[in-house]
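Look through the sequence and the model before reading on.

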Amino acid sequence: MSLDPKFAEVRQHTITTLSGANGAGLSCACPRCGQGRLFAGFLTLQPRCERCGLDISFADSGDGPAVFIMFLAGAIVVGAALVTEILFQPPYWVHAALWLPLIALVTLGRLRPMKGLMIALQYHHKAAESRFGQGLEQGLEQGFDQGLDQEQEEP
Ligand SMILES: [Zn+2]
């Protein structure tokens, strides 16, 4: 397996630790090198890392980030609304003025880091679908090997 020379230098800085993967994910960086940008848009992924050439098409976080954010934001906002209601009994418009902006802040601001974290953990733990007719370990190995081979075939 030969490396593209332009990626060889960056490849030497491959992230191998779980804390490194967590840091790269939370900072929305490439899960392999930790230097390239992960996102092309707000939640749209780059097709491949601009620094190390990693094909990011393996990444499928699905609804995972949104579910974690919903649980977290629900606990924070509902808890704060209950405490406010019990202590101050404000009119309903005060609740709307307080909690609607907080919901937007707690959900939209956390989606990108959470999606980056889940993709980094997926890459770090080599999480992928099993291949039919193969053992789990063998299928995972082949899936990631195919992903690595594809990035070298293209110019
Ligand atoms: Zn990279």
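Q: In which loop is K126 found?
A: This is a predicted model, where local features need pLDDT of at least 70, side-chain atom pairs count only at pLDDT 80 or more, and totals for chains, interfaces and linings use all residues. Residues are numbered from 1 along each chain as its sequence is written. Helices (H or I, at least four residues) and strands (E, at least two) are DSSP runs, numbered from the N terminus. By that numbering, K126 lies in the loop between helix 4 and helix 5 (136–153).

Q: Is K126 buried or exposed?
A: A residue is buried if 20 or more other C-beta atoms lie within 10 Å of its own, exposed if 12 or fewer, and partly exposed in between, with C-beta atoms placed from the backbone. K126 has 12 other C-beta atoms within 10 Å, so K126 is exposed.

Q: What is the phi of K126?
A: K126 is not a glycine.

Q: How many helices does the protein have?
A: From the N terminus on, the elements run α-α-α-α-α. There are zero strands, and the number of helices is five.

Q: What share of the residues of the protein counts as buried?
A: The protein has 155 residues. Of these, the share that counts as buried is 17%.

Q: Which class does C28 fall in by its C-beta neighbours?
A: C28 sits in the loop between helix 2 and helix 3. Its phi is near 60°, a positive value in a residue other than glycine. C28 has 16 C-beta neighbours inside 10 Å, so it counts as partly exposed.

Q: Which residues is P47 in contact with, leaving aside its neighbours within four places in sequence?
A: P47 is also found in the loop between helix 2 and helix 3. P47 is exposed, with 10 other C-beta atoms within 10 Å. Two residues are in contact if their C-beta atoms, placed from the backbone, lie within 7 Å. With those neighbours left aside, P47 is in contact with I56 and S57.

Q: How far apart in space are P47 and F58?
A: P47 and F58 are 11 residues apart in sequence. From C-alpha to C-alpha, the distance in space is 9.8 Å.

Q: What length does helix 3 reach from its first C-alpha to its last?
A: Helix 3 covers residues 64–88, which is 25 residues. The expected span of a helix is 1.5 Å times one less than its number of residues. Helix 3 is close to the expected 36 Å, reaching 36 Å.

Q: How is helix 3 directed relative to helix 4?
A: Axes are lines fitted to C-alpha atoms, for helices over the stretch in contact, and angles run from 0 to 180 degrees between N-to-C directions. Helix 3 and helix 4 pack at about 150°, with their axes 8 Å apart. Angles under 35 degrees count as roughly parallel, over 145 as roughly antiparallel, 65 to 115 as roughly perpendicular and the rest as oblique. Helix 3 is therefore, relative to helix 4, roughly antiparallel.

Q: At what angle do the axes of helix 2 and helix 4 cross?
A: Helix 2 covers residues 18–26, and helix 4 covers residues 92–124. Their axes come within 7 Å. The crossing angle is roughly 145°.
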